[in-house]
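Please read them alongside the coordinates.

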Amino acid sequence: MDSFACLKMKDRALVLGGGGVAGIAWMTGFLLGLCERNVDLRAADLTIGTSAGATLAAQLGSTASLDELFQRFVDPSSQDGEIEPDPRLLESFREFRSTLPSISDPAERIRHIGKWALENPTVPESERRAVVARRLPSHHWPEAETHIVVVDAHSGEMVIFDRNSQVDLVDAVTASCAVPGIWPPVTIHGRRFIDGGVRSAENADLAKGYARTLILSPMGTTLPRIGGNSLNGQIDILHSSGGKTCLVSPDPKSRRAIGLNPLSLEARRPAAEAGREQGRRIVADVAAFWNADIPGKFHIS
């Protein structure tokens, strides 16, 4: 891409990926660790949130400080009202997921997941919505450009909600966090929506057209692709349009803290603390990407 075309690109995008409550905690700790070293990613021109990342994207648009958001994970008195996923549902989800590779067409696979989510009984929709509402310091859409990614449970279509969608922020975030078979699909304007992570845990390709995209991925590049491009494929799309990328995934200590079940409430505090430590450790690399016009792509963990 020539220099004139680069000048027309928007500047910085922040992509917040899925990864359960442990993923929210890790990303929150990571952002706080950076901010403590004077690197603040909340200055992004666009924030894209999927599943866990949708929760954090909405939180970042409130007046709550990163330290206040961090304290929600490390202070037991701030953790009332959460629901621990039913172990039977988790086991059913694992068994169902093992059947997906037999469906070769990604679009059909997503529709199959949506059908299963609609048929599988979980907690009441209103109960789950109340949990998400308590997580958000503000129920108003952020002033900064924020996109929340969901999937239509019937058609398998990806849908992006933003402040112009005439959709309640709590509903949008609850839908993006509606892990199939674990949490109920969310009803919005007569349609049913499920977790945006069914398409991709990150949906980083939606930042196409931005000069720099920083991706926080609690699950990293090893997560099996369900629909759409793999994370590496999405990064290639961004590069083909002239953008630069920095992918940050959990380091070994953070991976251990997140554990095998990122939906576990017990993982929140250790994941938040490990993320904070990781952010402090790699702040120079992140700052070099975020604040300087440097070429290439990075993967930091």
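The points below take salt bridges, then aromatic rings, then charges over rings.

1. The model is predicted, and every contact below should be read with that in mind. It contains 20 salt bridges; some of them are taken up in the next points.

2. Arg 111 and Glu 108 are both part of helix α6 (residues 106-119), three residues apart, about one turn of the helix. Their side chains meet at 3.1 Å, N to O. Arg 111 is partly exposed, at a relative accessible area of 32%, and Glu 108 is also partly exposed, at 36%.

3. Asp 168 and Arg 129 form another salt bridge, with an N to O distance of 3.1 Å. Asp 168 sits in the loop between β4 (158-161) and α8 (169-176), while Arg 129 belongs to helix α7 (residues 125-135), so the bridge ties together parts that are 39 residues apart in sequence.

4. The side chains of Glu 277 and Lys 253 meet in a salt bridge of 2.8 Å, N to O. Since Glu 277 is in helix α11 (residues 268-281) and Lys 253 in helix α10 (residues 252-258), the pair ties together parts that are 24 residues apart in sequence. Both ends are partly exposed: Glu 277 has a relative accessible area of 42%, and Lys 253 has 41%.

5. Salt bridges also occur as a network, which links Asp 11, Arg 12 and Arg 212.

6. Turning to the rings, the count of aromatic pairs is three. One of them is formed by Phe 161 and Phe 193, with 5.4 Å centre to centre and 75° between the planes. Why is this pair edge-to-face? The angle between the planes is 75°, and the class applies because that angle is over 60 degrees. The pair links distant parts of the chain, with Phe 161 in strand β4 and Phe 193 in strand β6 (residues 191-195), 32 residues apart. Phe 161 and Phe 193 are both buried.

7. Two arginines are placed over aromatic rings. Arg 128 lies over the face of Trp 183, 4.2 Å from the ring centre. Arg 276 has its charged end over the ring of Phe 70, at 4.9 Å from the centre of that ring.

Methods:
Residues numbered from 1 in each chain as written. Predicted model: local features only at pLDDT ≥ 70, side-chain atom pairs only at ≥ 80, totals over all residues. Heavy atoms only, no water. Salt bridge = Lys/Arg side-chain N within 4 Å of Asp/Glu carboxyl O. Helix = DSSP H or I, 4+ residues; strand = E, 2+ residues; numbered from the N terminus. Buried < 20%, exposed > 50% of the residue type's maximum accessible area, 1.4 Å probe, protein only. Phe/Tyr/Trp six-rings, centres within 6.5 Å; stacked < 30°, edge-to-face > 60°. Lys NZ or Arg CZ within 6 Å of the ring centre and 35° of its normal.
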